[in-house]
Amino acid sequence: MSARELREFFTPSDGEAGWAAERTRHCPGRMPTLLVLLKSCGRLGYFPDLEQVPDVITAHIRAALALAPGTPLEYGSAWSAERSRSWVRKRLGLVRDPQRVRAAAEEAMVVAAPVKAHTADLVNVALEEIVRAGLELPGFSTLDRMAAEVRTRVQGAICAGIVGRMSEAATERVAVLLEVADGKRRSAFDAMKEPGRRATWSKFRAHAERMEQLHQLGDASGWVAGVAAAKVASLAAHARVLTLGEVKDIAEPRRTAMLACLVAEARTKAWDEFVTMLCKRTASHLKRGEGPWRRWSGGRRRSPSSC
């Protein structure tokens, strides 16, 4: 922790020191404990265990109060500890209401889950909403567990929606991607994960054939219509890193939805690569055609107005 952080966030002001001294006038030894709770909770949004507070913070607060370095931090009793936390909540304007916290966090996560790809993103959204509501933060494990549950539930609904927009024939064509044809060593699923080719004419035509094969699978853009791009990319990326056997082990409808997202993303990238290859070929022909003109004109370009 930097000296600037200690100075800005953990140095008790005169008002805070007076507030703590007034509440611990019968037990002056608990004044540093109360200030450690105040500054830590003000920074974190929740009360850490005293053993979890870094020594550099406790030493800084002791020094700010001109106390001996070895002055202990103690509550005295469970009742005293809860009373100290109540004082801190009142001064910071925090409300301890676990039910409201869970309700606010879940509502924020459900709203954000269709457009957020990762669990950490959902936790951050919930944290922002809880802080905005002036509520005391719960433990990270609570939010992490809630985010995983919401993400699984919402993603299941998204996968079901993708499969629901696919026709029976399209579902069968996508399922065939996982089959290895007789005489071949790889499936179409493995071939689909290959990157784009160089802009040579032979590879250009091979790429056009690949685009036609992707087109024959069906209207992939319609399958993922209404699904956030981040979700489509996340499901496609998950499918891309799995082996053929691992994909087959995934239950429906998630497996078909992952393949549908992979096809949709592959089609988009195929079009991008196709245009890039076409531009490279065109630029190559233009550069080749400019050679004779430059030799004839002595390397000078003539402006249209001078022609």
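User: Which residues does Phe 189 touch, leaving out residues up to four places away in sequence?

Analyst: In this predicted model, Phe 189 touches Leu 177, Leu 178, Ala 239, Leu 242, Thr 243, Leu 244, Val 247, Leu 259 and Leu 262.

User: And which residues touch the most other members of the largest nonpolar core?

Analyst: Phe 189 is one of them, together with Met 109, Ile 162, Met 192 and Trp 223. That core holds 56 residues. Its largest share comes from helix 15 (residues 254–296), which supplies 12 residues.

User: Leu 38 is in helix 3, then. How many residues of helix 3 are buried?

Analyst: Helix 3 is mostly covered, with 11 of its 14 residues buried. The buried residues are Met 31, Pro 32, Thr 33, Leu 34, Leu 35, Val 36, Leu 37, Leu 38, Lys 39, Ser 40 and Cys 41.

User: What covers them?

Analyst: The cover over the buried residues of helix 3 includes helix 1 (3–9), helix 2 (14–23), helix 4 (55–64) and helix 5 (78–92).

User: What span should helix 3 have, and how far apart are its end C-alpha atoms?

Analyst: Helix 3 runs over residues 31–44, and at 1.5 Å a residue its 14 residues should span 20 Å. The end C-alpha atoms are 20 Å apart, so the two values agree. Just after helix 3, Gly 45 takes a positive phi of about 90 degrees.

User: Which residue other than glycine has a positive phi?

Analyst: Ala 66 is such a residue, with phi near 60 degrees. Ala 66 is placed in the loop between helix 4 and helix 5.

User: Is Ala 66 buried or exposed?

Analyst: Ala 66 has a relative accessible area of 70%. The cut-off for exposed is over 50%, so Ala 66 counts as exposed.

User: Changing topic: at what angle do helix 8 and helix 13 pack?

Analyst: Helix 8 (residues 140–164) and helix 13 (residues 229–241) pack at an angle of about 90 degrees, and their axes are 12 Å apart. The two helices are therefore roughly perpendicular to each other.

User: Which residues meet there?

Analyst: From helix 8, Arg 151, Gln 155, Ile 158, Cys 159 and Ile 162 meet Lys 231, Ser 234 and Leu 235 of helix 13. By class, this contact has four nonpolar, two polar and two charged residues.

User: Let us take Ser 234. Is it buried or exposed?

Analyst: Ser 234 lies in helix 13. Its relative accessibility is 17%, so Ser 234 counts as buried. Not counting residues up to four places away in sequence, Ser 234 touches Ala 117 and Arg 151.

User: Where is Pro 114 found?

Analyst: Pro 114 is in the loop between helix 6 (98–112) and helix 7 (119–132). At 31% relative accessibility, Pro 114 counts as partly exposed.

User: What is Pro 114 in contact with, leaving aside neighbours within four places in sequence?

Analyst: Pro 114 is in contact with Val 154, Ile 158, Ala 228 and Lys 231. Ile 158 and Lys 231 also take part where helix 8 meets helix 13.

User: How far apart are Pro 114 and Ala 59?

Analyst: Pro 114 and Ala 59 are 55 residues apart in sequence, and their C-alpha atoms are 46 Å apart in space.

User: Finally, which peptide bond is cis?

Analyst: The bond from Glu 252 to Pro 253 is cis, with omega near 5 degrees. Pro 253 lies in the loop between helix 14 (244–248) and helix 15.

Notes: Residues are numbered from 1 along each chain as its sequence is written. This is a predicted model: local features need pLDDT of at least 70, side-chain atom pairs count only at pLDDT 80 or more; totals for chains, interfaces and linings use all residues. Side-chain values use heavy atoms; hydrogens and water are left out. A nonpolar core is a set of buried Ala, Val, Leu, Ile, Met, Phe, Trp, Tyr and Cys residues joined through side-chain atoms within 4.5 Å. Buried means under 20% relative accessible area, exposed over 50%, partly exposed in between (1.4 Å probe, protein chains only). Helices (H or I, at least four residues) and strands (E, at least two) are DSSP runs, numbered from the N terminus. Contact means heavy atoms within 4.5 Å. The expected span of a helix is 1.5 Å times one less than its number of residues. Axes are lines fitted to C-alpha atoms, for helices over the stretch in contact, and angles run from 0 to 180 degrees between N-to-C directions. Angles under 35 degrees count as roughly parallel, over 145 as roughly antiparallel, 65 to 115 as roughly perpendicular and the rest as oblique. Ala, Val, Leu, Ile, Met, Phe, Trp, Tyr, Cys and Pro count as nonpolar, Asp, Glu, Lys and Arg as charged, and the others, Gly among them, as polar.
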